[in-house]
Amino acid sequence: MSANDSTTVFTNGDAPASKKQKTGASSLHDDHQCVLVLDYGSQYTQLICRRIREIGVFSMMFPGDASMERIKSVNPKVVILSGGPNSVHVEGSPRVPEDFFGYCQQNSIPVLGICYGMQLIVQMLGGVVGSGVAGGEYGRMPILIQPGSRLYSFQDNTQPNVWMSHGDEATQLPEGFKVVAKSEQGAVVAIEDQARRIFGLQYHPEVAHTEQGTGTLRHFLLDIAGLTADWSMAEVLETQLKLIKEQVGPTQHAICALSGGVDSTVAATLVHKVLGERLHCVFVDHGLLRYKEGERVMEMFTQHLHLPVTKVDHKDVMLAKLKGVTDPERKRKIIGAEFIEVFKAFANNMEKELGHKPTFLVQGTLYPDVIESCPPPGSGQKHSHTIKSHHNVGGLPKDLQFSLIEPFRELFKDEVRAIGRLLGVPETFIKRHPFPGPGMGVRILGDVTEGDRLEVLCMVDEIYINAIKEFGLYDEIWQAFAVFLPIKSVGVQGDQRTHSHVVGLRAVCSSDGMTADWYPFTPEFLRTVSARICNQVRSVNRVVYDITSKPPSTIEWE
């Protein structure tokens, strides 16, 4: 399962059921040059990883205070120190190990510090960092590049606009460093020590608002660091196929839980390519699906992908468990636990049919699921906060009784889509908008079982999505959905006063789900869809549109 798509596979294995083992993407650094990103809590840290992969280089993330032993374990060819909310001159702020820079210099490992990471370089190597004279610099603004810079030698624009977000600044550089860019206010925004190959940027090159930001990262990785762009989904696919073959014996079977979304579709196709008829798929109707979603999913898998799917009706049990529950974290954990109960029961039935019980659980967990659920078990992340517990990460019960296999755990959504295309998954599946595993359970604020909330939301959502398709906008949008708000408003319908439900509409554009902008619908579209909802769903008299980006909000409301 992923947060946007419920995917689970049980495979037979010999590991103890009480032990949670993870295999899959976590071993990818063995076969690729690795850029290690040390996380100091910036909201953009995962975006750094994503940009590096777009350039064609494998990246992974460790907590900022990881030990030297852990850093050495992945044999990094480049280390990037991320931004973060701390101040390096405050006691107890996170930092790299004392012998970190010596290790990097001894092994010719280039280092790039971004925002807090640059300040950390300055302070730890003997410079001075203090509070910004003008109170800091925030948002988009131009910088002035100095001549003779190695970091900027690839570009002609000497005054690009960049994205700033800092309150502290370097006031004195360590020996060997020189300033290669300043802000209009005179703050040091880029430094380099070419001899030691240590570089620093006070702004965020990873965000789209920074001009030539990705170009700067590409130049640093490929030209300065000399890395090879060898990260490709074709190779990842072959690696995952090999891992599944090694993990599942020639006579063993697997169970795959399908939702009809991108992640489950690709995961099922991936496993089916290895196991064939030894793959047994199950679709769980938990009562929180979109309008007629169950029928549509079953039809898609049987007619398009030709996968044998067993439908399990778990509506009554799930809704009974959720009755009266309003806290979003508790809802996610309940839904996650109930998924596991269904899978356990299905595994028990498979034991009766096959003569042995599956003990592995393979999930389509994505990298953003893990990040937003941090700190998940074993993640070690300490400098960023838990945003929400995804049902397949933070929502899993402690007594899982299955060892985990998660081939997509370090992949982003668009990377999974690329693997799907390589596997020949129809484009209609690939382009489907993400749908959360907890379904409408996290799109109804408050108790999902109260009154007619589920029925109302399903009808509103259907009208909304159909309108998006009718206007030819579906493929322009990353994700669109309706939200049921736990309030009522006064209205007038048919010359009579009403006191009815309020629903919200959400549509965002994104490339990876880590950041997102709201979609700018035309007034004509909003007028049309609002009128249709209020006319066709009589218990709704007000429609609002969410114009909040991520950050500060998340894409889902809960």
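Visitor: How do strands E4 and E5 pair?
Guide: Strand E4 (residues 78-81) and strand E5 (residues 111-114) run in the parallel sense, with three bridges. Two strands count as paired if DSSP finds at least two bridges between them. Helices (H or I, at least four residues) and strands (E, at least two) are DSSP runs, numbered from the N terminus. This is a predicted model, where local features need pLDDT of at least 70, side-chain atom pairs count only at pLDDT 80 or more, and totals for chains, interfaces and linings use all residues. Residues are numbered from 1 along each chain as its sequence is written, and side-chain values use heavy atoms, with hydrogens and water left out.

Visitor: Which residue in E5 stands opposite Ile80?
Guide: Leu112 does. E4 also pairs with E2, again in the parallel sense, over four bridges, and there Leu38 stands opposite Leu81 of E4.

Visitor: And which way do the side chains of E4 point?
Guide: Val78 and Ile80 go one way, Val79 and Leu81 the other, and all are buried. Buried means under 20% relative accessible area, exposed over 50%, and partly exposed in between, with a 1.4 Å probe and protein chains only. In a regular strand, side chains alternate between the two faces of the sheet.

Visitor: What is the strand order in the whole sheet?
Guide: Nine strands make an open sheet, E3-E2-E4-E5-E12-E11-E10-E7-E8, with mixed pairing. Strand E3 (58-63) and strand E8 (161-166) are at the edges with a single partner strand each, so one side of each has no neighbour in the sheet. On average, neighbouring strands are turned by 25° against each other, direction ignored.

Visitor: Which helix lies across E2, E3, E4 and E5?
Guide: Helix H1 (residues 45-55), at about 160° to E3. Helix H4 (residues 116-124) lies across E4, E5, E8, E11 and E12, at about 120° to E5. Axes are lines fitted to C-alpha atoms, for helices over the stretch in contact, and angles run from 0 to 180 degrees between N-to-C directions. Contact means heavy atoms within 4.5 Å.

Visitor: Changing topic: is Thr251 buried or exposed?
Guide: Thr251 counts as exposed, at 61% relative accessibility. Thr251 is in the loop between helix H6 (233-247) and strand E13 (254-258). Leaving out residues up to four places away in sequence, Thr251 touches Arg278 and His356. Thr251 and Arg278 are 27 residues apart in sequence, yet their C-alpha atoms are 8.1 Å apart.

Visitor: And Ile405, buried or exposed?
Guide: Ile405 is buried, at 8% relative accessible area, and belongs to strand E17 (residues 403-405). From its C-alpha atom to that of Gln247, 158 residues away along the chain, the separation is 9.0 Å.

Visitor: How many helices and strands does the chain have?
Guide: The chain has 15 helices and 21 strands. Of its 558 residues, 60% count as buried.

Visitor: One more: which element gives the most to the lining of the second largest pocket?
Guide: H14 does, with five residues. The lining divides into twelve nonpolar, ten polar and ten charged residues. Here Ala, Val, Leu, Ile, Met, Phe, Trp, Tyr, Cys and Pro count as nonpolar, Asp, Glu, Lys and Arg as charged, and the others, Gly among them, as polar.
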